[in-house]
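Keep the sequence and the 3D view side by side as you read.

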Amino acid sequence: MSKAHPVQVIAVTGGKGGVGKSNVSVNLGIALAQKGRRVVLLDADLGLANIDVLLGITANRNLQDVLAGECDLKDVLVNGPGGIKIVPASSGTQRMTQLTPMEHAGLINAFSELGDQIDVLIVDTAAGISESVVSFLRASQELLLVVCDEPTSITDAYALIKLMNRDYGTNRFRILANQVRNEQEGRHLFEKLTRVTERFLDVALQYVGIVPYDEAVKKAVQRQRAVLDAYPRAKASLAIKALADKVDNWPLPSSPRGHLEFFVERLVEV
């Protein structure tokens, strides 16, 4: 693998379930692919994987097969909409949620096989703040935190920020307001979260915009399609494209932190 090839590693997380992070992950990946980026989407919910269900994709192999040594990571890659590649996880398998540190490291080490075939790795994490979620967050260059205007979403987002900041020194989080009515509501949601974090933590929250509530998202889910693929002119699709424009301009640091090697090494450390 080329040591100089920068790979943008973005963890999409949410603190709690039901905030729409998997939809954000899929559609952001498609939008970045439309901009010419080579995107791999990792379904990192190692117990309740749902990207394949969300997109109506049948995966013959998944991460569990890689872990068992039955195939290489490239053998489980599935073609997704818009030219993205997907690494499906296994669903409903308790074994996958109880990986030893060595197994977890070995699994992620498999990503070194991808080498120069990737520009962006989007990591769709599980809900909550389990060890597996924390491992992926620590290893990622960018943390995109998806929040909704619900008390539990804000509370759980704060808990995740607090854990990552106090235990691991993470001090930058990108905040996306999802399923809100308008920009004003998104800003208000961001300010609510900021008020709590500024009072108790030393972190910088960066507002990256909104994805508005849109019936087209629900329709797309029912059709097992990505909204950007099924309804490209929908409000949510246009918002995701605007987000991709911002993400495309996020700087890749000169240090190895933006490289796939760093992602692998950091997970091995964990």
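Gln 224 is partly exposed, because its relative accessible area is 36% (buried means under 20% relative accessible area, exposed over 50%, and partly exposed in between, with a 1.4 Å probe and protein chains only). Gln 224 sits in the loop between H9 and helix H10 (227–230). Helices (H or I, at least four residues) and strands (E, at least two) are DSSP runs, numbered from the N terminus. Gln 224 is not a glycine, yet its phi is positive, about 55 degrees.

A word on the model. It is predicted: local features need pLDDT of at least 70, side-chain atom pairs count only at pLDDT 80 or more, and totals for chains, interfaces and linings use all residues. Residues are numbered from 1 along each chain as its sequence is written, and side-chain values use heavy atoms, with hydrogens and water left out. The mean pLDDT of the chain is 86 (pLDDT is the predictor's confidence in each residue, from 0 to 100). Of the residues, 86% reach 70 or more. Among the elements, helix H11 (residues 235–248) has the highest mean pLDDT, 98. Helix H5 (residues 101–109) has the lowest, 68.

Now the sheet. It is open and has 8 strands, in the order E3-E4-E2-E5-E1-E6-E7-E8, with mixed pairing (two strands pair if DSSP finds at least two bridges between them). Strand E3 (78–79) and E8 each have a single partner strand, so they stand at the edges and one side of each lacks a neighbour in the sheet. How covered is strand E8? Of its 9 residues (204–212), 7 are buried.

Follow E8 to its partner. Strand E7 (residues 172–180) runs parallel to E8, and 8 bridges join the two. Arg 172 stands opposite Ala 204 in E8. Leu 176 has Gly 209 in E8 as its bridge partner.

Gln 179 has a positive phi of about 60 degrees, although it is not a glycine. Gln 179 is partly exposed, because its relative accessible area is 37%.

H1 gives the most, with 5 residues.

Lys 21 lies in helix H1 (residues 21–34). Is Lys 21 buried or exposed? Lys 21 counts as buried because its relative accessibility is 9%. Leaving aside neighbours within four places in sequence, Lys 21 is in contact with Val 12, Thr 13, Gly 14, Asp 124, Thr 125, Ala 126, Ala 127 and Val 146 (contact means heavy atoms within 4.5 Å).

Finish at Val 19. Val 19 and Glu 150 are 131 residues apart in sequence, but 9.4 Å apart in space, C-alpha to C-alpha. Glu 150 lies in the loop between strand E6 (142–147) and helix H7 (151–168). Glu 150 is partly exposed, because its relative accessible area is 32%.
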